[in-house]
Amino acid sequence: MGIRRVFSSLLHYMLPRKRQGEGEAVNERDSEIVTKKHHISFSTDSKNTAETKTIGTSSLGVGNSNNKGSEPTIMEMAFDNGKPRDIDEDLHSRQLAVYGRETMRRLFASNVLVSGMQGLGVEIAKNLILAGVKSVTLHDEGTVELWDMSSNFVFSEKDLGKNRALASIQKLQELNNAVAISTLTTKLSKEQLSDFQNHVSGYSSICYVMRLLTYAVVFTDINLESAVEFNEYCHNHEPPIAFIKTEVRGLFGSAFCDFGPEFTVFDVDGEEPHTGIIASISNDNPALVACVDDERLEFQDGDLVVFSEIQGMTELNDGKPRKIKNARPYSFTLDEDTTTFGMYERGGIVTQVKQPKVLNFKPLKEAIKDPGDFLLSDFSKFDRPPLLHLAFQSLDKFVSELGRFPVAGSEEDAQRLISTTSDINESLGDAKLDEINPKLLRHFAFGARAVLNPMAAMFGGIVGQEVVKACSGKFHPLFQFFYFDSVESLPTELLDPSDFRPLNSRYDAQISVFGSKLQKKLEDAKVFVVGSGALGCEFLKNLALMGPKSTVAASAASSINPLLHIEALQNRVGPETENVFHDAFWENLNVVINALDNVNARLYVDQRCLYFQKPLLESGTLGAKCNTQMVIPHLTENYGASRDPPEKQAPMCTVHSFPHNIDHCLTWARSEFEGLLEKTPAEANAYLSNPGEYTSAMRNAGDAQARDNLERVIECLDRERCESFQDCITWARLKFEDYFANRVKQLTFTFPEDAATSTGAPFWSAPKPETFGIPVPDWAKHPKKLAEAVDKVIVPDFEPKKDVKIVTDEKATSLATASVDDVAVINELILKLDQCRKTLPTNFRMKPIQFEKVFSLYADMGFFDEYAWTEIRGFDEYVPCGWQASNSLNKSDDDMKNQSEVVKIVIVADGGGSDFVWPYNAAERVVARVSILDDDTNYHMDMIAALANMRARNYIIPEVDKLKAKFIAGRIIPAIATSTAMATGLVCLELYKVIDGSHKLEDYRNTFANLALPLFSMAEPVPPKVVKHQNMSWTVWDRWIIKDNPTLREVLQWLADKGLNAYSISFGSCLLYNSMFPRHKDRMDKKVADLAREVAKVDLPPYRDHLDVVVACEDDQDNDVDIPQISVYFR
């Protein structure tokens, strides 16, 4: 650890805390994680007088609280007297990758009121609490009904009759103790908004100058008249209060946003600014700019760009944004006259400039009459939003006149709503719709009272993201109406009105939309959820409210719905666990839902579903983006039928010699880390463990790679071996000189400034690297001993080597260059290595260091039940791991269970990202969090970030802080709660169709959504490819079955009867038969199962009754025919 720490420290002191043109300096040591007390308050009013209830040490009040004590109020807790909250970079690492620090700080200063705590309201509140806003106030005057149980995941039967807001606060608080949560159970007034805003404005003066809104109100259950009044107040307030009205009615939903008369969006899409490396600029009007052709430009006409590092035409280096046009993959036209500028010589980087956008929102009263363009989600429903705009107004009028919602199955109520919609439409004059679609309005009326969980999850994600936009200025807001329906989710058969009658069950709201028959199918369904990360937990919550059985471990889901039947399976789904997930297991399923985070695992589950012909509902998220794909047997293509192109990898020569962005520098830094601290020590240990075998292998290889391996081992054991701390400092100082001075000098010596390519073009199109020494400023001299030790190191003068070969071929896979005398050099190195080994201590070994990830789990150990503790111990079935308590005490399981304090358990995983099933059981007060982070005491990321930034400085590449380096080098996948919630909601809407079992291809929807823009693109899935042969046809979903333990001859004859001539049969990677091999004719009368045992050396387990073979066939005209997989049953 000494070398690693010294090298990291040395690099750290070489880097200033802040450089000109960069953001503020960041403290690279994470602050200590402190467990916060719950911020909870209850405000009730049974006699028009507010009464504040307190839990723990927090007394929180809203409005006219009678609390006169000295304890803090909700306002004081929400704003912490103006002190910003620190960002826990471990807890929020994936969210930080989406939003960045500045947006997170704005979120931490934001306060939100959510009115209406039915299913939609609690979903919005959940997403905002997980995002980490400053405070959330829950408002609801109603009480929990059995009807609410279909959509609200925090309610249980014991909450019936309680105020909705009060029943929600405890479990919502457990999601994030850092957010102050309060309740308001009295009628909301504009004066209360004003009172709350007054507290906000004192804290938000800076944000107001930036035209940011630090207070937002969301109404999920409010009539139109009241909404107009509240919206008018919010719109005209100074500063404006962000106003959102949203509602979910059965399979229909709406959202309206108003962020004030003038709202500034600072980042419309959240994407990193695009860049390009300049190859040439013409002296023209307008000027033509060409860029190097190794990476396509992502610019669009009208973009603004700035230039830097240009030599010759230096007039463009003034930092002035310039507009481009005629954007092409590798060039664009600059809207500027450069005829009088200097002539372009070489170099230069062009960078996109992201411009703020100002939006002028209309108040609801005006927008309802003139809605403008609607945000579309499905282009097959182009005419749907204008009709739903009228339908929601009609429903509001219906409820205002009758004091209730339409009754499910009531034709009279449906006709009344249709008539009202028609009247409103006729009053529009020239703007009226041509038709109003009575069938759609009938469905709308029948389900109007119900709040369905999938719809609440979807709109909870959308609206939660809109609140984040309002409070941060990050991403483009919804402008201003959005309507959505999933009427295709309804059963295909016509239902009798009696099917909608409530059964006095927790599913009554769902029954009012889909009928009791589909509900029964849901309750009988067996659903397999693969993966229990963010998506998996959301799916479990949704499924618990919808009612199907689940075969995954989740005590939290059981607490949401005790009627759920759950089987806990902790095994990884893969080929190695097919004894657990055997044929009978798969055949017994109704549907599979993927919640996985890697492609290989998805492909395996896809193949299993394909094989057993099971529906697969696939989804994924990446930051604010999400996608869903429906894989339905015989209707759609499978997941693996089409794949994204592989991620483009930078050529090895670019990474190691010619980087031009920070990703290249970080890739190089991680490669050097692994080479220095893991691979080379491991190679040295391999030699020390068995010198004879190792050197013999190197001699037999006799290539450049073997030569390089031997040279690295000798360096490790001889020239660079450290025996004291002073040696470590010397090694680090010389390594620094080699990395950031000598290598660059050698590169510029081999390829001087006037070097040209074989075509005569300048060799240096990217910025030419620069060297620099080690100035030791005053602030670096505080660690006196280290500075003195560094001063003692004697650095040899650099002498360039004339015979050095530097790889420039972009297709090269190795940096080692072959030589005619490799064998001679290898023999010489082996002799040196043998001499070196004799000087080493007996049993001397190196200690390789892996770039590791640490899983940190925080749990309230005092409230674990036996099941939960078993769940934690079961983690070792995922990856090999060790447990270590933060206080370094060895504790037994019983001791750990009895601990009342919050302890930290660190699990150091051996690489791979396994899914961790963790049951956060709100009912049993289990509070847990699992995050992937770096152990800052091992200095891994410090070293990688410092290496990358020093290299970036060599090549004049913008540097990054440690957090950004962690995102790139650690390959952290950006994730936020809002897109996760939306994806799961969309998938569960499709689940209704799957369970019904009679929907057509055109009824299903695949979705791509980007909440940042916002963009919703829904489309019908792609059907599978059909193969035809003679009078037969099949798709990838078909599987041919041959029973009765056939011989090879019988299989061939079975295919011949179908007009297919089989010339090759394989099992796994083993060839059982090929017509070109004469000896294979001796196998004709052997059983196929026996051939598999004999040739493939497989042991067919007792639970397996068949084996699958791949057969290559031709037709009678010798044309290859792709046939389905064949299953040969031998039992």
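This passage describes the overall make-up of a predicted model and then several of its local features.

The structure is a predicted model, in which local features need pLDDT of at least 70 and side-chain atom pairs count only at pLDDT 80 or more, while totals for chains, interfaces and linings use all residues. Residues are numbered from 1 along each chain as its sequence is written, and side-chain values use heavy atoms, with hydrogens and water left out.

The protein chain contains 33 helices and 36 strands; helices (H or I, at least four residues) and strands (E, at least two) are DSSP runs, numbered from the N terminus. Of the 1131 residues in the protein chain, 54% are buried. Here buried stands for under 20% relative accessible area, exposed for over 50%, and partly exposed for values in between (1.4 Å probe, protein chains only). The accessible surface of the protein chain is about 50,800 Å², and carbon and sulfur atoms account for 49% of that surface. Accessible areas come from the Shrake-Rupley method with a 1.4 Å probe, and for residues only the protein chains shown count as cover. Contact is defined as heavy atoms within 4.5 Å. Among contacts between residues at least 6 apart in sequence, 72% join residues at least 24 apart.

Two strands are taken to pair if DSSP finds at least two bridges between them. Strand β27 also pairs with β22 (residues 625-631), again in the antiparallel sense, over four bridges. F1008 has a bridge partner in each of these neighbours: N627 in β22 and S1017 in β28. Four of the five residues of β27 are buried, so that the strand is mostly covered.

On the surface, F1008 forms a nonpolar patch with L1013 and L1015, and their accessible area together is about 220 Å². Patches are made of residues with over 30% relative accessible area and no salt bridge, like charges being joined within 9 Å and nonpolar side chains (Val, Leu, Ile, Met, Phe, Trp, Tyr) within 5 Å.

Within strand β22, Q629 is buried, with a relative accessible area of 16%. Leaving aside neighbours within four places in sequence, Q629 is in contact with L616, L617, E618, E637, N638, Y639 and N1006. C626 counts as buried at 2% relative accessibility, as does C471 at 2%. With a disulfide defined as a pair of cysteine sulfur atoms within 2.5 Å, the count of disulfides is zero.

The structure holds 51 salt bridges, a salt bridge being a side-chain nitrogen of Lys or Arg within 4 Å of a carboxyl oxygen of Asp or Glu. One of them joins E271 to K625, with the closest N and O atoms 2.8 Å apart. This pair links distant parts of the chain, 354 residues apart: E271 is in the loop between β9 (263-265) and β10 (275-281), and K625 is in strand β22. E271 is partly exposed at 33% relative accessibility, and K625 is partly exposed at 25%.

In helix α24, the side chains of R733 and E737 meet in a salt bridge (3.0 Å, N to O). R733 and E737 are separated by about one helical turn because they are four residues apart in the helix. R733 is buried at 11% relative accessible area, and E737 is buried at 14%. Another salt bridge joins D942 and K962, whose closest N and O atoms are 3.6 Å apart. D942 lies in helix α29 (residues 940-954) and K962 in helix α30 (residues 962-969), so this pair ties together parts 20 residues apart in sequence. D942 counts as buried at 16% relative accessibility, and K962 is buried at 10%. A network of salt bridges links D378, K381, R384, D485, E488 and R1005.

E720 is located in the loop between α23 (704-719) and α24 (725-750) and is partly exposed, with a relative accessible area of 26%. Beyond neighbours within four places in sequence, E720 is in contact with E715, W731 and K735. The C-alpha atoms of E720 and A732 are separated by 10.0 Å, the residues being twelve apart along the chain.
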